[in-house]
Amino acid sequence: MPTYKLYYFNAKGNAEITRLVFAAAGVEYEDIRFKDRDDWLNNYKHLSPTGQCPFLEVDGKKIGQSLAIARLVAREQGLYGESNMDGAMIDQVLYTLDDLTKPLIDWHFEKDEAKKAEKEKKLAEETLPESMQRLDKLLKGNGGKGYFAGNKLSIADLAVFNQCSGLVVKFPKCMDKCKELPAFIDRIKALPKIADWLAKRPQTDF
């Protein structure tokens, strides 16, 4: 079994999908969390292959980019489907989520209060409901199997859970028009290994 070290801030952010994959697979790893920005800049940034975080160390080999990290671990732990078609369906979901991340980041870091309020309104009324319905359609399109790809849990399911369970706290109506997604989120949350991780992980705002 490889030795894993995951480096990131004390936050869920871009590292949480990899943590969820580790949790679902029951794999131990070292969850290294920077104390603050200065700790990252002074003690860890020079270790990152891209100068960014998160980054993962596998038996001494360092890998950057959050999706590359998550995909690697998912593939190694049997959470990337069982066929090329499964893999394509998983990628379809991951890229759909990536499209959603961009407007969320734009809103989150907007400094002008009036513009931020305008962007939040568009997210709440248009962008998020449309994206949630798109995911709902993809989930249903897998033949009612309860997963986004194939017949078992994959990184796609964990990624959707990670994104949507956070969004519904800030935007509680974003899944109102979804038929499958709310129950799916509850089911993933209740999986024993996921529930255990959610209970013990550090409580952070982001």
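Glutamine 65 sits in the loop between strand 4 and helix 3 (66–76); helices (H or I, at least four residues) and strands (E, at least two) are DSSP runs, numbered from the N terminus. The model is predicted: local features need pLDDT of at least 70, side-chain atom pairs count only at pLDDT 80 or more, and totals for chains, interfaces and linings use all residues. Residues are numbered from 1 along each chain as its sequence is written, and side-chain values use heavy atoms, with hydrogens and water left out.

Phi of glutamine 65 is near 75°, positive in a residue other than glycine. Glutamine 65 is partly exposed, at 47% relative accessible area. Buried means under 20%, exposed over 50%, and partly exposed in between (1.4 Å probe, protein chains only). Aspartate 59 also has a positive phi, near 50°. Aspartate 59 lies in the loop between strand 3 and strand 4 (61–64) and is exposed, at 56%. Most residues other than glycine have a negative phi, and most peptide bonds are trans. The bond from cysteine 53 to proline 54 is cis, with omega near 10°. Proline 54 belongs to the loop between helix 2 (37–44) and strand 3 (55–58).

Helix 5 (residues 113–140) has 28 residues. From first C-alpha to last, helix 5 reaches 38 Å, close to the expected 40 Å (1.5 Å times one less than its number of residues). Helix 5 bends by about 50° at leucine 123, the angle between axes fitted to the seven residues ending there and the seven starting there. Leu123 is among the buried residues of helix 5, which also include Pro129 and Asp136.
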